Amino acid sequence: MIAREKKKSIHALEASNFFLADVQTGLGPFLAAYLAGAGWGAGRVGIALTVGGIITVVLQTPAGAIVDQMRSKRLILILGCAVLAAGAVLLSFTSAPWAVYTSQVLIGGAGPFLAPTLAAITMGIVGVGLFDRQFGKNQSFNSAGNVATAVLIAGVSYLSGNRAIFITAAVLTIPTVLAVLAIQSSAIDYELARGGAKEVDGQELPAKVSAIKTLLGDRVLLMFLLCAFFFHFANAAMLPQLGEMLSHGARKSAAPFMSACIVVTQVVIMCCAPAIGRYANLHGRKPLLLVGFGVLPIRAVLYTLTHNPGMLIAIQLLDGVANAIFVVVAILVVADRTRGTGRFNLVQGSLATSVGLGAALSTSFGGKLIQQYSYRASFLSLGAIAALAFTLLWFAIPETLVRSNNQDQNTPATPSPQQVNA
């Protein structure tokens, strides 16, 4: 009976990842076009998007700490969906400044709670040994949701206009909430969900380490957060710059090209994420991370060599590989380093903060280089930062997956509690 309950909860968790991606995809990338169509100038659109981004970055780490402490993980997701729906409905009614800024605060405030909670529920249901594989599957469902929504939104906006996008996003919170409610609360182990159980004399016992010691006392974790920052500093601006560069010569084809690039990335993640989780479980985290970080400078250089749309879409496969590896393996590294601390979700939030800061600075840095020099100079500079991130990862980050001496290579690995203090 317990096994059947967990299996049903795992399927409901996968559905939650799919539908929640639907909601977030419907809210994020289309807001700029909606506001521009409503008469907003580029400067005002940028300010509106920045408001939501700042709220998200500021709340990432505190949100993770709250997820650690709250026992009802499902309630966090349900409340988050309600807030997202409220923001979407507000946008669908009016594009007045008060409504747009309020919606950005709501959407930006809800977002930081969602990803850590889904990861926490995953850990709480399947445990440490199977977390790698299940988290990879989750990301596959998430990317499938992104692809499905991109197609749905394209049809909805074509038939009914951009305002209908936000109504669609609000409606999609309904199946999300139903999927979350299908997760049995009894299937979620509270201590495991916060990374707070450690093995002592063969028994799993609750453990808690202070937030400051977890974040500042682990040199490997700090260096990994720095690597994540540089990864996204190098990566975030590349695709927007590519679309901007191509739009100068062929504006009509720029939007379909960008859509194709986004779909390619998400399809690669959807196809690769489960295999990445399995490989990381059997062979470790660092080899995969080196591949993911290593393709970034290659991609940056390749962007400077051709303007052929077909070739550029093919190069975008590298973006899918890099992002598929990062979104899966980065959380596995966090799980490894926080085992037995009770701070799994807090550090997830810190990782998201590093990612958000890196991405925000990337677009500003790349834009300045384009303005002062050229697109080529910007791509090559971002590639140099990617090479720095790769070098830092190579020399400063050890393998974080720890196996016992008697553990078979085909057996799911369980990190040692001693690893936290390594």
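**Ground rules.** I number residues from 1 along each chain as its sequence is written, and my side-chain values use heavy atoms, with hydrogens and water left out. Because the model is predicted, I take local features only at pLDDT of at least 70 and side-chain atom pairs only at pLDDT 80 or more, while totals for chains, interfaces and linings use all residues.

**Overview.** I began with secondary structure and found 16 helices and two strands; these are DSSP runs numbered from the N terminus, helices being H or I with at least four residues and strands E with at least two. Of the 422 residues, 53% are buried. For me, buried means under 20% relative accessible area, exposed over 50%, and partly exposed in between (1.4 Å probe, protein chains only). I then looked at contacts (heavy atoms within 4.5 Å). Among those between residues at least 6 apart in sequence, 81% join residues at least 24 apart. The accessible surface comes to about 17,900 Å², and 67% of that belongs to carbon and sulfur atoms; I used the Shrake-Rupley method with a 1.4 Å probe, and for residues only the protein chains shown count as cover.

**Cores.** Next I looked up nonpolar cores, meaning sets of buried Ala, Val, Leu, Ile, Met, Phe, Trp, Tyr and Cys residues joined through side-chain atoms within 4.5 Å. The largest has 87 residues, and those touching the most other members are Leu 35, Phe 131, Leu 289, Phe 293, Phe 326, Phe 344 and Leu 351. Helix α5 (residues 97-160) gives the most to this core, with 14 residues. A second, separate core has 15 residues, among them Met 238, Cys 261, Phe 379 and Leu 382. I also listed the neighbours of Phe 293: leaving out residues up to four places away in sequence, its contacts include Phe 231, Phe 326 and Phe 390.

**Aromatic pairs.** How many aromatic pairs does the structure hold? I get 11, where rings of Phe, Tyr and Trp (its six-membered ring) pair if their centres lie within 6.5 Å; planes under 30 degrees apart count as stacked, over 60 as edge-to-face and the rest as tilted. Phe 229 and Phe 233 are edge-to-face, because their planes stand at 70°, with ring centres 5.8 Å apart. They sit four residues apart in helix α10 (residues 219-235), so about one helical turn separates them. Phe 229 is buried at 18% relative accessibility, and Phe 233 is buried at 12%.

Phe 231 and Phe 326 make a stacked pair, 4.8 Å centre to centre with 10° between the planes. Why does this pair tie together parts 95 residues apart in sequence? Because Phe 231 lies in helix α10 and Phe 326 in helix α14 (residues 309-338). Phe 231 is buried at 0% and Phe 326 is buried at 6%. I also noted one aromatic cluster, formed by Phe 229, Phe 230, Phe 233 and Phe 365.

**Val 347.** Buried or exposed, I asked of Val 347? Val 347 is buried, with a relative accessible area of 0%, and lies in helix α15 (residues 344-372). Its C-alpha atom is 9.9 Å from that of Asp 68, 279 residues away along the chain.
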